[in-house]
Amino acid sequence: MLSDLPGLGPKRLKLLERLGVENLADLLLLEPRRYEDRTRVLTAAQAAAAGEGLIEATVVAHDFFPARNEQVLKIVLSDGSAPVALVCFGRPFLARTFPVGSELRVYGTFQYRHGEIQSSSFEAERATTPHRAILLPVYPLTEGLTQTVVRRAIAAALEDPQLPEKLAAFLGTLPPGLEREKDLLPLVDSVLALHQPTTRQQLERGRYRLIFQEFFTFQLDLTRRSLARRRGVRRERPAPQRSFAGEIRGALPFDLTPDQQQVLQEIVADLDQPWPMARLLQGDVGSGKTLVALLAAAHAAERRQQVALLVPTELLAHQHYRNLSALARPAGMAVAILTGRLRSAERRQTVEAIARGEVDLVVGTHALFSQDVPWRQLGMVIVDEQHRFGVTQRQQLLNHGAAPDLLMMSATPIPRSLALTAFGDSEISTIHTVPPGRQPVKTHLARIGNDERVYAFVRQQLDCGHQAYLVYPAIDAGGARDLRSAEAMLPELQQRLAPHTVGLAHSRRDEEERTSTMRRFEAGEIAALVATSVVEVGVDVPNATVMVVEHAELFGLAALHQLRGRVGRGSAQSWCILVYQEPLTVEGTERLKVLYNSTDGFIIAEEDLRIRGPGDLAGQQQSGYLQFRLADIRRDMEIMLHARDAVRAVLENQNHREER
Ligand code: ADP
Ligand code: MG
């Protein structure tokens, strides 16, 4: 119990809670922010050069100097190399503690000031005992807590004779033999090394062990779950009775790219397994995932399985519905749409058709699952833009029907580190290349105020018969004077781009109006679309060649990459113009640089992870999933890989033994 430790009363326990320390395990794994190197005694000059350090010196004088309303004590020391002054604000009593002639050991920050080496932030003790060479941990604190309190509590916890048992109970153990095989520091020694290291090397070994164990436990759990999934639900896979996929493919005006064929094969192979599929399909924006989804759905439908295609926005639902039914209907495959905004009569009809099994593929938003849709035979769930959904939402889906196959699609490629964690129990299929005949989008940066040329350029593209998007961070500025918004810019753009037609799309517009605007934009009747990030996902108009994002500094990296992906879908050269307002933050500058320098979604996703951190990237729901105590999936990727290999080896060994 935490409250058994010395110095931890109810008040301090509350303060510790703020640091995330709620129990003994949390405390024992409280990671020091840094360590004070007290392994070496420095000369005064060395300490001043390093800015901080440990020195040993003799008190040679006490001085006082006036400052504000006190006489400040200055203890003058000498270690033979140079004089050092300890400036003791508010601590005149130190003159008695450290009389002239006494030998001191001082750890502090040292600076040259007024021609001497000074320290006003230091800890001193009489050097009567031999020096203990340690790296002294400096813990994260919160107001009201001191290093001394935390250090004492941890030191006491480490002295508990039952420490080994307790640690094993908190953290679990590694399989016997693994410690020796990997030359890992034992668990107790590792925790000791974290809090009381005597060398950097020992500290690193301790940290390695603890991080390895965290990853190992995590990966083992994931792998076991995925094995259980395979062994748990067995289902009969009916043979195909119809032939949708072949017909749809035959009617396409183009061939599937080799990558599309490959991933489709992987998916179809899953459909012959007795366990449900769990597959992540990743591929950059515009790489043609929707078609793969349709063909996957067609294969499922051939076996009389119903398929749900879940999309994050109403707009995207309509767009997919239109595009997919145009391809599917001629082959005889029935597609329906189900969103929250359907009129009740329409919805009832659709729901009834689903119940009778007359619908093969249903495109919808999460409304699809928030109420009971009486599926006749839900066999597959496809989640488009999966990063827009949380883990729990995904789970909800899977609770419908008898363990349907799950295909998650992501246009924000999953960095490897996340792929191994958040999606560690899924198979991963990747589309690496975009369909042929496209030219990479050119990216330009422009400053707000220097945008005359931007609009002139847009105009010129429209004159050539192409189309453009102009995206704003807000629907209206809501009083923010310096913010350009979609509503506010519309009249100005209509004027500047006349006689070309300019349309407006954002989430506050009436559903019907927005749908009709999108349709007219797709049909080429609207030349330029002024919008918010509603057009970030899914919108597919190959004739659009310019994407202007104003206030680009206010968008996230992933969003900007998605927006840029709206152009470059046809054979003509396309441009993305990021218009930013100064001054830029450091992060803002970094984001724009990343986009300017790369069009590769994989690189951008890695950079995004680096700049933002994993919690953010994975969406709130997933972040809890990825919270490790000491481990950091970005920094400790290597250890993660070691742990994963170890998990595999251990499980394989077990299997061998079971087989024999
Ligand atoms: P994603 O969802 O992966 O961002 P989409 O599925 O929207 O990409 O596809 C982008 C565009 O590429 C669409 O216009 C689609 O019709 C087209 N497309 C898909 N596959 C091919 C292909 N094999 N050859 C040519 N164009 C394709
Ligand atoms: Mg898509």
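Modeller: Happy to! One term to begin with: a residue counts as buried when its relative accessible area is under 20%, as exposed when that is over 50%, and as partly exposed in between. Please keep in mind that this is a predicted model.

Let's start at ligand 1. It is surrounded by 17 residues, and the closest are G286, K289, T290, R438 and D540. By class, this shell holds six charged, six polar and five nonpolar residues. Helix α12, residues 289-302, contributes the most to it, with three residues. A polar backbone atom of S287 is 3.3 Å from a ligand oxygen. On its own, ligand 1 exposes 570 Å², and the protein buries 83% of that. The ligand sits in the largest pocket.

Now follow the chain to R304, in the loop between α12 and β12 (306-310). R304 is not a glycine, yet its phi is positive, near 60°. With 45% relative accessibility, R304 is partly exposed. H551, in the loop between β22 (544-550) and α21 (557-564), also has a positive phi, about 60°, without being a glycine. H551 counts as buried because its relative accessibility is 0%.

Finally, look at two cis peptide bonds. One runs from A498 to P499, with omega near 10°; P499 lies in the loop between α19 (486-497) and β20 (502-505). Another joins E582 and P583, with omega about 0°, and P583 is in the loop between β23 (575-580) and α22 (586-597).

Conventions:
Residues numbered from 1 in each chain as written. Chains lettered and ligands numbered in written order. Predicted model: local features only at pLDDT ≥ 70, side-chain atom pairs only at ≥ 80, totals over all residues. Heavy atoms only, no water. Near = heavy atom within 4 Å. Polar contact = N/O pair within 3.5 Å; in protein donor to acceptor, adjacent residues only side chain to side chain. Areas by Shrake-Rupley, 256 points an atom, 1.4 Å probe, with all protein chains shown as cover. 1 Å grid on protein atoms, 1.4 Å probe; cavity = no way out; pocket = protein on both sides within 12 Å on 5 of 7 lines; lining within 4 Å. Sits in = over half its atoms within 2 Å of the grid points. Helix = DSSP H or I, 4+ residues; strand = E, 2+ residues; numbered from the N terminus. Nonpolar A, V, L, I, M, F, W, Y, C, P; charged D, E, K, R; others polar. Buried < 20%, exposed > 50% of the residue type's maximum accessible area, 1.4 Å probe, protein only.
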